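Dear colleague,

I am passing on the structure that we talked about, with notes on what turned up when going through it. Please read the notes with the model open beside them.

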Amino acid sequence: MSIVQREVSNLLMKYGTNNPFDISSQKNILIFYEELGDIWGYYNLFVRVPMIHINNELTEFNSRFTCAHELGHYILHPNVNTPFLKKNTLFCVSKIEREANHFATHLLIGNDVPYPDETKAQFLTRNGIPSNMHGFY
Ligand SMILES: [Zn+2]
């Protein structure tokens, strides 16, 4: 099990949910919905208060993934003000971005397993993972 997967399973156990919004609120992370143009979201720490910013034009599906990704930064890279998660640069990503995507896919899957007749892509989509993120599972 990778460090990222271990962090995810600790959270699932501690909070009894894989909902990134619920976990963020239990951790007193402030969530803001803002006009961010091409940016899906970002995480920052301001006067020791962790904040997740989400583009207010995203679909609910993509907001949820973005929240999970930014929560990953909080867990894995708490002191880094992360580069923006941009629509068109999802593949051109640094180590911390890959880790946050890896975290988000594992969190959103939680303890779920595929149905017997389900493809990997169907399974990941059913769990809220955008198709361009399927490679991170
Ligand atoms: Zn990021």
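**Salt bridges**

Arg126 forms a salt bridge with Glu118, and the closest N and O atoms of the two are 2.7 Å apart; a salt bridge here is a side-chain nitrogen of Lys or Arg within 4 Å of a carboxyl oxygen of Asp or Glu. Before going further, please keep in mind that this is a predicted model, in which local features need pLDDT of at least 70 and side-chain atom pairs count only at pLDDT 80 or more, while totals for chains, interfaces and linings use all residues. Residues are numbered from 1 along each chain as its sequence is written, and side-chain values use heavy atoms, with hydrogens and water left out.

Glu118 counts as buried at 14% relative accessibility, where buried means under 20% relative accessible area, exposed means over 50%, and partly exposed lies in between (1.4 Å probe, protein chains only). Arg126 is partly exposed, with a relative accessible area of 33%. The side chain of Arg126 also meets that of Asp112 in a salt bridge, at 2.9 Å from N to O. Arg126 lies in helix α5 (residues 120-126) and Asp112 in the loop between α4 and α5, so this pair ties together parts that are 14 residues apart in sequence; helices (H or I, at least four residues) and strands (E, at least two) are DSSP runs, numbered from the N terminus. Asp112 counts as partly exposed, at 27% relative accessibility. Through shared partners, the salt bridges join Asp112, Glu118 and Arg126 into one network.

A search of the whole structure finds three salt bridges, and one of them is formed by Lys95 and Glu99, with the closest N and O atoms 3.1 Å apart. Both residues lie in helix α4, four residues apart, which is about one turn of the helix. Lys95 is exposed, with a relative accessible area of 55%, whereas Glu99 is partly exposed at 23%.

The protein donors of the zinc ion are His69 (NE2), His73 (NE2), Glu97 (OE) and Glu97 (OE), lying 2.1 to 2.5 Å from the ion. Donors are N, O and S atoms within 2.8 Å of the metal (3.2 Å for Na, K and Ca), and water is not among the atoms, so sites may look incomplete. Along the chain, the donors follow the spacing H-x3-H-x23-E.

The angles among the four donor atoms run from 55 to 131°, and the site is irregular. For that label, four donors count as tetrahedral if all angles lie between 85 and 135 degrees; four count as square planar and six as octahedral if opposite donors are over 155 degrees apart and all others between 65 and 115; anything else is irregular.

**The largest pocket**

About 180 Å³ of space lies in the largest pocket, which is lined by Met1, Gln5, Val8, Ser9, Leu12, His106, Ile109, Gly110, Asn111, Asp112 and Tyr137. A pocket is an open set of points on a 1 Å grid over the protein atoms alone, where a 1.4 Å probe fits, with protein on both sides within 12 Å along at least five of seven lines, and lining residues have an atom within 4 Å of a point. The elements that give two or more residues to the lining are α1 (3-15) and α4 (95-109), and α1 gives the most, with four residues.

Ile109, one of the lining residues, lies in helix α4 and is buried, with a relative accessible area of 4%. Ile109 and Asn18 are 91 residues apart in sequence and 7.8 Å apart in space, C-alpha to C-alpha.

**The loop between β2 and β3**

Val47 lies in the loop between β2 (39-46) and β3 (49-55), and has a positive phi of about 40° although it is not a glycine. Arg48 lies in the loop between β2 and β3 as well, and its phi is near 65°, again a positive value in a residue other than glycine. Val47 counts as exposed at 66% relative accessibility, and Arg48 counts as exposed at 78%.

With best wishes

Note on methods. Grid points are joined across faces, edges and corners, and a volume is the space filled by probe spheres set on the points.
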